Amino acid sequence: MLYLMETKAYSDIKVTEIAKKSGLARQTIYRNYGDKDDILYDYLCHQFDFFDDRIKGRQLAGADVLVAFFEMWREFLPASLLYNIQLSDRKIRQIIYRSLEYYVQEKYTPYFMSPQASIGDMHYYVFRSLSSSLHGILIEWSLQHYAQSAEQIGKLTYQLTDSIRQYCMEHAAT
């Protein structure tokens, strides 16, 4: 699908085109994915898993986790996805946000609190706020053609999300 996005807006791409370009039957795609959004979501989650494996391998903590995250985003973001972000395709942004929710809850949270911890009733709002902050900064940084270094933007994000992390640590119950 990424190759189709090099010259075409994501919202204009049809599953039939994806199937034809990949040499698969449309039914095969639908057997594995609900729609094209699921394909892109799966790709992004896979990328974030890859990022996290590299971050763990470097044994990073604190702001360095987000610095590394932004470094990898800049390094591994396909030009076709950046092109579609620049087109202001709302669907692309929604899928990136959804995949960032996955990243925050499944990969990022254990860097600052126990994976078994729960923060109770406010869990939904807290993690959506963290995902939203990361999403907004990531998209704007991409749109600004990475005007700041990954270190600058990672540290800024870490500072801006400090109260969210503090809330999680203070209200964590295992």
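**Entry 1: a cut-off, then His171**

I note the cut-off before anything else: a residue is buried under 20% relative accessible area, exposed over 50%, and partly exposed in between. The model I am reading is a predicted one. I looked up His171 and found a relative accessibility of 38%, so His171 counts as partly exposed. I located His171 in helix H9, which covers residues 162-171.

I then asked which residues His171 touches when its neighbours within four places in sequence are left aside. I found Ser118 and Ile119. I also checked Gly120, which is 51 residues from His171 along the chain; the two C-alpha atoms are separated by 7.8 Å. For the side chain of His171, I noted a polar atom 3.0 Å from the backbone oxygen of Tyr167.

**Entry 2: the whole chain**

I stepped back to the overall fold. I listed nine helices and zero strands. I read the pattern along the sequence as α-α-α-α-α-α-α-α-α. The radius of gyration is 17 Å, close to the 16 Å that the globule rule gives for 174 residues, so I put the chain down as being as compact as a globular protein of that length. I took the box filled by the C-alpha atoms as roughly 50 × 35 × 30 Å along the principal axes.

I looked up burial next: 43% of the 174 residues are buried. For contacts between residues at least 6 apart in sequence, I noted that 69% join residues at least 24 apart. I counted 19 positive and 21 negative side chains, with the centres of the two sets 7 Å apart.

**Entry 3: helix H6**

I turned to H6, residues 90-108. Its buried residues include Ile92, Ile95, Ile96, Leu100 and Val104. I also found Tyr97, Tyr103 and Tyr108 among the buried residues of H6, along with Glu101 and Lys107.

Which helices do the buried residues of H6 pack against? I wrote down H3 (36-57), H4 (63-76), H5 (79-86), H7 (123-143), H8 (150-160) and H9. At the start of H6, I saw a side-chain oxygen of Asp89 reach to within 3.0 Å of the backbone nitrogen of Lys91.

**Entry 4: helix H5**

I kept a reminder on backbone angles: most residues other than glycine have a negative phi. I then looked up two residues with positive values. His145 has a phi near 55° and is not a glycine. Tyr146 has a positive phi of about 55°, and I noted that it is not a glycine either. I placed His145 in the loop between H7 and H8, and Tyr146 lies in the loop between H7 and H8 as well.

Is His145 buried or exposed? I found a relative accessible area of 54%, over the 50% mark, so His145 is exposed. I made the check for Tyr146 too: its relative accessibility is 17%, under the 20% mark, so Tyr146 counts as buried.

Notes. Residues are numbered from 1 along each chain as its sequence is written. This is a predicted model: local features need pLDDT of at least 70, side-chain atom pairs count only at pLDDT 80 or more; totals for chains, interfaces and linings use all residues. Side-chain values use heavy atoms; hydrogens and water are left out. Helices (H or I, at least four residues) and strands (E, at least two) are DSSP runs, numbered from the N terminus. The radius of gyration is taken over C-alpha atoms; the globule rule is 2.2 Å times the number of residues to the power 0.38. Buried means under 20% relative accessible area, exposed over 50%, partly exposed in between (1.4 Å probe, protein chains only). Contact means heavy atoms within 4.5 Å. Lys and Arg count as positive and Asp and Glu as negative; His and the chain ends are not counted. The place of a charge is taken as NZ of Lys, CZ of Arg, CG of Asp or CD of Glu. A polar contact is a pair of N or O atoms within 3.5 Å; within protein, one must be able to donate a hydrogen and the other to accept it, and residues adjacent in sequence count only if both atoms are side-chain atoms.
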